[in-house]
Amino acid sequence: MPGEGLKEVNVEKLSAQEKHALLQLVAWVGDDHERFLSKFKDRLDRVGIQLPTIEVRYENLNVEAQAHVGSRGLPTILNTYANLLEGLANALHLTPNRKQKIPILHNVSGIIKPHRMTLLLGPPGAGKTSLLLALAGTLPSSLKMSGDLTYNGHTMDEFVPRRSAAYVSQHDLHMAELTVRETVNFSAKCQGIGHRFDLLMELSRREKEQHIKP
């Protein structure tokens with residue numbers, strides 16, 4: 001409460017009403033982030049600061065996996081132990097690898113331009129998730145990728161893609177007590193300032209030079 005200072009509490013011992021009040025405190029949507037970001041964009045435009053943009057290009061992108069086919073690919077207890085023993089034997093070069101290469105993506109090309117929303121459609125098993133994981137740089141090591149993938153002309157080896165893109169799984173964990181808007185609002189508050197500190201410093205400097213009071 002205001003004026004009472006900081007006090008440490010055990011969240012697990014709070015009552016239902018107190019938990020609700022806490023959630024309202026940390027995830028309150030009264031300070032609309034859309035309105036805040038709109039005003040912040042106006043401040044940047046007023047002093048002539050352009051936000052960095054990213055253009056993603058992928059050309060002849062291929063993703064393939066190695067897996068057993070037929071009855072050997074069924075998730076049975078026998079196959080589980082057989083695959084485990086075969087994996088150990090392959091690691092010791094005692095037996096050849098009997099897995100077959102299965103193409104997931106084949107020669108996929110495209111451009112994702114900044115300031116646009118891209119809709120990805122396809123039937124189940126078409127490779128939508130694999131494409132998004134590849135673009136975000138989070139493709140599992142069990143999958144082999146080839147082709148050209150660049151962010152603003154830079155390859156994935158020249159920077160950290162996780163600082164520019166993220167894949168959000170459709171099976172995500174959220175607090176059940178929060179609405180979608182409250183969840184996004186809470187996540188935004190947890191992001192912190194990060195690498196945007198230099199941007200805010202430059203914004204403040206230009207506003208002072210132009211005698212602009214935000």
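Which residue in strand 3 is the bridge partner of E64? Let's find out with the structure open, keeping in mind that this is a predicted model.

**Stop 1: strands 1 and 3**

Select residues 56-67, which form strand 1, and residues 143-151, which form strand 3. The two strands run antiparallel to each other and pair over 8 bridges. Now pick E64: its bridge partner in strand 3 is K144. If you wonder what holds such neighbours together, strands of a sheet pair through backbone hydrogen bonds, either parallel or antiparallel.

**Stop 2: strand 2**

Strand 1 and strand 2 are paired in the antiparallel sense, over 9 bridges. To see one place where they face each other, click on Q66, which stands opposite K101 in strand 2.

**Stop 3: the hairpin**

Move on to residues 154-155, which make up strand 4. This strand pairs with strand 3 in the antiparallel sense over 2 bridges. Select Y151 and you will find H154 of strand 4 opposite. Strands 3 and 4 form a hairpin with 2 residues between them. In that turn, look for N152, which has a positive phi of about 55 degrees.

**Stop 4**

**Stop 4: helix 3**

Now select residues 77-91, helix 3. This helix has 15 residues, and the distance from its first C-alpha to its last is 21 Å, close to the 21 Å expected at 1.5 Å a residue. Colour N79, E86, A89 and N90, which are buried. They cover an arc of only 95 degrees around the axis, which puts them on the same side of helix 3.

Following helix 3, look for H93, whose phi is positive, near 60 degrees.

**Stop 5: helix 6**

Finish at residues 197-209, the 13 residues of helix 6. At 1.5 Å a residue this helix should span 18 Å, and its end C-alpha atoms are 19 Å apart, which agrees. Helix 6 is followed by H211, with a positive phi near 55 degrees.

Notes:
Residues numbered from 1 in each chain as written. Predicted model: local features only at pLDDT ≥ 70, side-chain atom pairs only at ≥ 80, totals over all residues. Heavy atoms only, no water. Helix = DSSP H or I, 4+ residues; strand = E, 2+ residues; numbered from the N terminus. Expected span 1.5 Å × (residues − 1). Buried < 20%, exposed > 50% of the residue type's maximum accessible area, 1.4 Å probe, protein only. Arc of directions from axis to C-beta. Pairing = 2+ DSSP bridges.
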